[in-house]
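Reader: I would like to learn how to read a few features of a model. Please give me the general idea each time, then the case at hand.

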Amino acid sequence: MRSILKSSLFAALMLLLLKATVALSAPQMSFDHSLTGFDLTGPHMIANCESCHRAGVFKGTPRQCSSCHLQGELASSKLPPSHIRTNNDCESCHTTTQWSSVSFVDHSAVLGTCESCHNTASAEGKPISHPPSTSDCQLCHRTSNWTMVSFDHSTAKPGECSSCHNGNFSTGKNSNHLPTIESCESCHNTSVWSPASFSHDGVVSGTCVSCHNGNFSTGKGSNHLPTIESCDSCHTTNGWTPASFSHDGVVSGTCASCHNGNFSTGKGSNHLPTIESCDSCHTTNGWTPASFSHDGVAPGTCASCHNGSISTGKSSTHLPTNESCDTCHTTNGWTPASFSHDGVVPGTCASCHNGNISEGKNSTHLPTNESCDTCHMTNGWMPATFSHDGVVPGTCETCHNGTISTGKSATHLPTTESCDTCHTTSSWITAGFNHENVAPGTCASCHNGSISTGKNSNHLPTTESCDTCHTPTTWTPANFSHDGVAPGTCATCHNGTYSEGKSSNHLPTNESCDTCHTTNGWTPASFSHDGVAPGTCASCHNGQISEGKSSNHLPTNESCDTCHTTDGWTPASFSHDGVAPGTCATCHNGSISTGKSSNHLPTNESCDTCHTTNGWTPATFSHDGVAPGTCATCHNGQISEGKSSNHLPTNESCDTCHTTNGWTPASFSHDGVAPGTCATCHNGQISEGKSGTHLPTNESCDTCHTTNGWTPASFSHDGVAPGQCASCHNGTYSTGKDINHIPTSESCDTCHTTIGWTPASFTHNGVAPGTCASCHNGTYSTGKDSNHIPTNQSCYTCHTTNRWTPANFSHDGVAPGTCASCHNGTYSTGKPSDHSVTSASCDSCHTTNAWTPVNFTHSSPNYVDHGRTISCNSCHRSSPQSAANAWSSPTYAPDCAGCHANDYRPNEHRNASVSSLRDCAGTCHRSTPEHRPTKRSW
């Protein structure tokens, strides 16, 4: 039995030796170790199997680095004393390729503070150029990138900026900084150095150039007007433009010395050809409006300029005509234009007024087949005359229905009566309303404050009907019946509250009101003179107790009651009964009583021929029987008012123009006045003549004016020679070139038309390239604004003569990495608030064609090529995007599991955990055709 066992053992040993011999002599068989879930990489690929699989045991072999490499069993694999203190797995930082090359440290598992490692011994520490600080590293730095530093200036003390910003620890004041001893935060803020805020408060006037000298700050440009004045003479601290320039002291006619196209805007290429000085037409307030005089322009020659080329011509919608412009238009403006309807056949209005050639009947016009001139005149559509003759009474509503013509308003009294029951064809108001048939006591049914005026708030309290006191004619005066009022009870109402009471200057008395007054009115008051002896009036009416005889009383010794009554002084009862007609002057002689005044018409007629015993005035004078043309026999300035000194010289009789009703209005007919003779009367003496500011002309008034009025006047530029505008438009006779006009010696009609200064046509043809700023400098014309991209290039490099925008900008020659010098949110669009956190230059991702699409390549070792395109938001799920918020499972960052922890399947990853397999791609999931992130089965 033992020999059999020995024989079997020997046979087995021989078999093993044979197999070993075969193995040494034959090629080694390959085994795909990745099938075990543990890829052999780096030195693991050449290690002996038994180095890990001890005693030939494969199952249960540990996968963690620490299981083998922290026990010191392998050469140079023991954890050194200077190693960072951590409880993380080796593979979190190391790779099988090389232990000492650590690309990233998972700081989530690092123990202690940053300084415990970053102390220059274990890891890179604070350099000698670091700003002095006792704060922890993580206050400013991030574990993803040291250089991406965020500094919280909230703990910085005011005035101590330069302790760090001194050019050593951090960027300090550069060599071309404005000289100042102020602290940084006086102008700068902790968000960004520029733009910086600078206050000019306290800067001494006239010292601008101490900074604005082209070295410390922007100074006077090369194309600035030559001047030794201080900057603040024209500019303000708000911005270079707009600048104020005073032309005071500039000698007239010397405009072109500056406005020559070099120092300042000059005459444009499309300016009217002229050799006149700028101030002949323009003013210093602005180039436009400019004054141009059409004096000397021959009538009928308007079209020589107004031809649509040199100046605005006849529009496409103009009435078809071969007449010259000045037949209807004036040099003051195209509108209003005067059109003579003389010779137009009555009833043919619609041949022009048809809505095409000229304004026609509108959609709301009364329906009618009548010709326009039945109601309208040639002076204007309104007012129009409409004759209601022949309109059948009671049919007003056929037109006055609110559609064809104005109808009954919403607030009209409710009635079914026809309009002409109360209204007339003259006007809606005043309307006659007949209160007949209105039942007494029913006033309030209309007079209730809604339909018609009702009882006001301060009305006497009463429940009586309106017609108890008021009449249908008017509210006031009102009749109030005191019938039934008990004598002596007046003061119950007349107490100053309900009704007027006793005034402060009343005679002192305790008597009831009705002792002297009546219900008709306070005055006259009935004082009972009963018992007063005749002839004793003066015992009271002596000027003390009561009013006495006035100083201008007729001299008489008669007692008051001879003429006066106890009812009142006036009227006095003087009876002319028995006075013989024609004997008025026996008393009315100026001594006993008023007589004929000194300016009375000379006459021997008795007073009662024109006057009555009721009063001198009104006096009746009848012009009946006065022969026509004999007015001046009385109206000669002596007997009666005659022709005034400034009356038109005429031998015509007064009644040629005046009537016996009054001097004015007077009618004057210019019929028969010879054309061209206006000035014989309109010479400023006889009648209003040419004003001092009138255009110089020898033409007759009626060349431009009509007999209807001075204005509107028609002026024709026809015959005005091109280029002669400034002969009138020189600022004296007519508006000329203003002070801010583009400097030019061209004539007005080069750019302007006789229709109006604006719009003006300006051509940039002939403007030398690169000379834009000679005009577009913010003074003569719009220049570069304060937030323009800083550049010395000429305007036309980017802009065109059509308009400022859109502008062309070429990024050729822009140095890479300098995008932010313009794209900083001030000069041009900068990085938005939700931009990914990065210090990379714009052109790292963007192109000069457009911000989007963006070209971005991950340089981070934490981002493995996934083999497919995934959106940024797949990882960076919050804004602003940064590496810090890209991990859905930050515990496992920066390994694959930092994002893919939720993809872990325990059943497929046997005897392992998310933590042990956190580096998915480094462990098993290689970016090979069989294992790539595009396959969800990996």
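Reader: How much space lies in the largest cavity?

Author: Rolling a probe the size of a water molecule over the atoms shows where empty space is left. A cavity is a set of points, on a 1 Å grid over the protein atoms alone, where a 1.4 Å probe fits but cannot get out. Grid points are joined across faces, edges and corners, and the volume is the space filled by probe spheres set on the points. Here the largest cavity holds about 60 Å³. Its lining has 13 residues, those with an atom within 4 Å of a point; closest to the centre are H306, T330, W334, H717 and T754.

Reader: What should I know about the model and its numbering?

Author: This is a predicted model, in which local features need pLDDT of at least 70, side-chain atom pairs count only at pLDDT 80 or more, and totals for chains, interfaces and linings use all residues. Residues are numbered from 1 along each chain as its sequence is written, and side-chain values use heavy atoms, with hydrogens and water left out.

Reader: Is H141 buried or exposed?

Author: Buried means under 20% relative accessible area, exposed over 50%, and partly exposed in between (1.4 Å probe, protein chains only). H141 is at 17%, so it counts as buried. Leaving out residues up to four places away in sequence, H141 touches H130, W146 and V149, where contact means heavy atoms within 4.5 Å.

Reader: What share of the protein chain is buried?

Author: Of its 938 residues, 18% are buried. L319 is partly exposed, because its relative accessible area is 31%.

How values were computed: On a 1 Å grid over the protein atoms alone, a cavity is a set of points where a 1.4 Å probe fits but cannot get out, and a pocket is an open set with protein on both sides within 12 Å along at least five of seven lines; lining residues have an atom within 4 Å of a point.
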